[in-house]
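Please look over the fold below. The report that follows goes from the sheets to the core.

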Amino acid sequence: MSDIRYNTLDDRYVIIAAERLHRPFFNPNTAIQQQLGLKHISSCPFCEGHESKTTPEIVAIREKSSKADEKGWKIRVIPNRYKALNIETDYYAQHSGLFELHKGFGAHEIVIDTPQHDLTMDKWSEETSLNWFNILKYRINDLKSDQRLQALSIFKNSGSKAGASQEHPHTQIIALPILPTQLLHQFYRFHQHYRSTGRTLIEDMIVQEYEDATRIISDTDSFVAFCPFASEFPFEVMIVAKEGLSRLENITDKESKELSSLLVEIFIKLKREVGEFDYNISLSTPPLQKTTQTSSFYNDIDKISRLMLRITPRIYQHAGFEISMGMMINPVTPENAARRLRG
Ligand SMILES: [Zn+2]
């Protein structure tokens, strides 16, 4: 059973999830098997034909003739067997002196992006991407209907340096009963900027990125990809909605197509510059509920927020300084990274 505990010295929460220790990590030999062309990995629980090795599916996009938890799917969502949080747990918070503890209530789901073991994001078709966006939208809408859930994290870990325990392409969704302090403070800043200027902070930042022109990599009608001015990771890339689109639930099919083609383009460029690399992707999601903490900005969320997707390659190891100061060291300038990615 896991807990969410509040770290009063640093104003941060931590999930203490002992059962995560027992999850199996993929054998690096599978990477060699893959190079040899053994694409269907016999031990992989996420490959098509191995549906019985996973928890029963929550939802899937599949061929009409196929049944749940059988072959014939294109994308599948399952509860994480080694979950950090559990939706079936009763939710309650305990306060004891300086210690605040939330029993491990929440959701932890895995989206198996594709039945194919080796279909990494740079090889995704338009259909694969559209299925991905559609199923994420469906899960966000379903999870936020549970009033107890305050925040959602949507992320991908790819490769062991990025913390992935499965090699097969997948995405994770974690829903929390608390609002992480970093997310709350970010929305306070967004709202403060909006109140003093009448504009969206992210849109103003993009205007300045276009003026500087040194960190922009590529763009479409609705999205721009750039290496952020204060990148924390070498070759970090942000893809941001230029105007209007505040959250993933509202993305249109046209925007999904644009975003996925830009994403594939960025991955091809990153691979060209840094070779095969481990990485994390995170997708922004605003706070889910109107509460005493969010009431000051909640009604303005669509005005102050824009959809952001952050790609952080894990080619440089953060260490003691980063832990002691909560401040990253990045050995590659974002201007140099963007110039190389533009090619
Ligand atoms: Zn697989």
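Which strands form an open sheet of four, and in what order? The order is 2-1-6-5, and the pairing is antiparallel.

## Basis

This is a predicted model: local features need pLDDT of at least 70, side-chain atom pairs count only at pLDDT 80 or more, and totals for chains, interfaces and linings use all residues. Residues are numbered from 1 along each chain as its sequence is written, and side-chain values use heavy atoms, with hydrogens and water left out.

## Overall build

The protein chain holds eight helices and 14 strands. Its radius of gyration is 20 Å, close to the 20 Å that the globule rule gives for 343 residues, so the chain is as compact as a globular protein of that length. That radius is taken over C-alpha atoms, and the rule is 2.2 Å times the number of residues to the power 0.38. Helices (H or I, at least four residues) and strands (E, at least two) are DSSP runs, numbered from the N terminus.

The C-alpha trace spans about 55 × 55 × 45 Å along its principal axes. Buried residues make up 50% of the 343. Buried means under 20% relative accessible area, exposed over 50%, and partly exposed in between (1.4 Å probe, protein chains only). Of the contacts with a separation of 6 or more, 68% link residues 24 or more positions apart. A contact means heavy atoms within 4.5 Å.

Strand 2 (12-16) and strand 5 (93-96) are the edges, each pairing on one side only. Two strands pair if DSSP finds at least two bridges between them. Five bridges join strand 1 (residues 3-7) to strand 2, in the antiparallel sense. Here Asp3 stands opposite Ile16.

A second open sheet has the order 3-4-7-9-8-13-14-12-11-10, with antiparallel pairing. Its edges are strand 3 (59-62) and strand 10. The twist averages 15 degrees from one strand to the next. Axes are lines fitted to C-alpha atoms, for helices over the stretch in contact; angles run from 0 to 180 degrees between N-to-C directions.

A hairpin of three residues joins strand 10 to strand 11. Strand 10 (residues 216-219) pairs with strand 11 over three bridges, with Ile216 opposite Phe226. Strand 11 pairs with strand 12 (residues 237-241) over four bridges. Ala225 has Ile239 as its bridge partner there. Four bridges also join strand 12 to strand 14 (residues 308-313), where Met238 partners Arg310.

## Helices on the sheet

Helix 4 (residues 201-212) lies across strands 10, 11, 12 and 14, at about 60 degrees to strand 11. Helix 5 touches strands 10, 11, 12, 13 (279-283) and 14. Its direction makes about 15 degrees with that of strand 11.

Both faces of strand 11 (residues 223-226) are covered. Phe223 and Ala225 are buried on one side, Val224 and Phe226 on the other.

## The nonpolar core

The largest nonpolar core has 50 residues. Such a core is a set of buried Ala, Val, Leu, Ile, Met, Phe, Trp, Tyr and Cys residues joined through side-chain atoms within 4.5 Å. Those with the most contacts inside it include Trp132, Phe223, Ile239 and Leu307. Helix 5 (residues 253-274) gives the most to this core, with seven residues.

Ile239 touches residues including Phe223, Ala225, Leu259, Ile266 and Leu307, not counting those up to four places away in sequence. A second, separate core of 17 residues includes Phe187, Ile202, Phe297 and Met308.
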